[in-house]
Each structure stands twice: as structure tokens, then as C-alpha cells.
Amino acid sequence: MFKNHILYDFSHKNEPERGIYVHRLKTHQKVVGAKQTAKVLENNQAEVVYVAKDADERVVRRVLELAKERNVPIVMVETMAELGKACNVEVKTAAAVVIK
């Protein structure tokens with residue numbers, strides 16, 4: 001349903017581009033969590049959205065819909081644990097967004 005809007009899918013963990021996209025979560029202003037990510041999208045403040053592949057679909061559905069509606073690139077990350085680590089938080093994370 002959202003394949004055309006996915007900027008990058010981290011299925012292949014050894015690809016060099018992988019670090020470029022995840023690095024932005026460490027260096028740019030961001031919001032972590034599905035509800036907070038949806039609010040940023042609703043306010044048209046999102047630059048790029050990150051979604052964990054293993055997140056519950058009902059949790060991230062609204063984030064994916066809003067990103068698609070607003071033409072915000074979506075980066076799929078393999079696991080919630082990996083996304084949480086990339087965001088420098090100690091919990092698993094379903095979604096995150098880099099703010100404009």
C-alpha cells in the first residue's frame with residue numbers, strides 16, 4: 001500500500017547508504033513515537049519519517065497514511081529496537097520523524 005512512498009528499506013543491513021539515513025536521527029531535531037510522529041505530520045513539519053518493520057501495523061498505520069498524503073519520504077528500519085537505538089532512546093520505537 002505504501003511502497004511508492006518508501007525512500008529506503010533497510011532489508012540489507014550491510015549497504016553503505018544505510019548509515020546515511022539513520023545518522024540523521026542522531027544529528028537532526030526529531031520526535032520519537034507513533035503518536036508524536038503523527039502530530040508532526042499533521043502540522044506539516046516532517047522532513048522524513050522512520051518506521052520499524054516489526055511495529056504493530058495498527059500502531060503505525062496513521063503515520064504511514066499521513067506521510068503518504070503529505071508526500072513525506074518514509075524510511076523503513078528493520079526492528080523497533082534498532083530504531084530506538086538510532087534515536088538514542090533506551091526503549092523500542094515504532095516510528096520517529098526528523099523535523100524540518
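A residue counts as buried when its relative accessible area is under 20%. In this predicted model, threonine 37 has a relative accessible area of 0% and is therefore buried. Buried residues make up 43% of the 100 residues in the chain.

The secondary structure comprises four helices and five strands. Read from the N terminus, these elements follow the order β-α-β-α-β-α-β-α-β. Among contacts in the chain with a separation of 6 or more, 78% are between residues 24 or more positions apart.

The largest nonpolar core of the model contains 33 residues. Within this core, the residues with the most contacts are Leu25, Leu41, Val49, Tyr50, Val51, Val63 and Leu83. At least two core residues are supplied by each of the helices α1 (17-27), α2 (34-42), α3 (57-69) and α4 (80-86), and the strands β3 (46-52), β4 (74-77) and β5 (95-99) likewise each supply at least two. Strand β3 provides the largest share of the core, with six residues. Valine 51, one of the core residues with the most contacts, illustrates these surroundings. When its neighbours within four places in sequence are set aside, valine 51 is in contact with Val60, Val63 and Leu64, with Ile74, Val75, Met76 and Val77, and with Leu83, Ala94 and Ala95.

The packing of two of the helices was examined further. Two packed helices are described by the angle between their axes and the distance between the axes. For α2 and α3 the angle is about 20°, and the axes are 9 Å apart. Angles under 35 degrees count as roughly parallel, so α2 is roughly parallel to α3. The crossing of this pair, α2 and α3, is left-handed. On the α2 side, the contact is made by Ala34, Thr37, Ala38, Leu41 and Glu42; on the α3 side, Val59, Arg62, Val63, Leu66 and Ala67 take part. Sorted by class, the residues of the contact between α2 and α3 are seven nonpolar, one polar and two charged. Leu41 of α2 and Val63 of α3, both in this contact, are also among the residues with the most contacts inside the largest nonpolar core.

Key
Residues are numbered from 1 along each chain as its sequence is written. This is a predicted model: local features need pLDDT of at least 70, side-chain atom pairs count only at pLDDT 80 or more; totals for chains, interfaces and linings use all residues. Side-chain values use heavy atoms; hydrogens and water are left out. A nonpolar core is a set of buried Ala, Val, Leu, Ile, Met, Phe, Trp, Tyr and Cys residues joined through side-chain atoms within 4.5 Å. Buried means under 20% relative accessible area, exposed over 50%, partly exposed in between (1.4 Å probe, protein chains only). Contact means heavy atoms within 4.5 Å. Axes are lines fitted to C-alpha atoms, for helices over the stretch in contact, and angles run from 0 to 180 degrees between N-to-C directions. Angles under 35 degrees count as roughly parallel, over 145 as roughly antiparallel, 65 to 115 as roughly perpendicular and the rest as oblique. A crossing is left-handed if the near helix is turned anticlockwise from the far one by less than a right angle, and right-handed if clockwise. Ala, Val, Leu, Ile, Met, Phe, Trp, Tyr, Cys and Pro count as nonpolar, Asp, Glu, Lys and Arg as charged, and the others, Gly among them, as polar.
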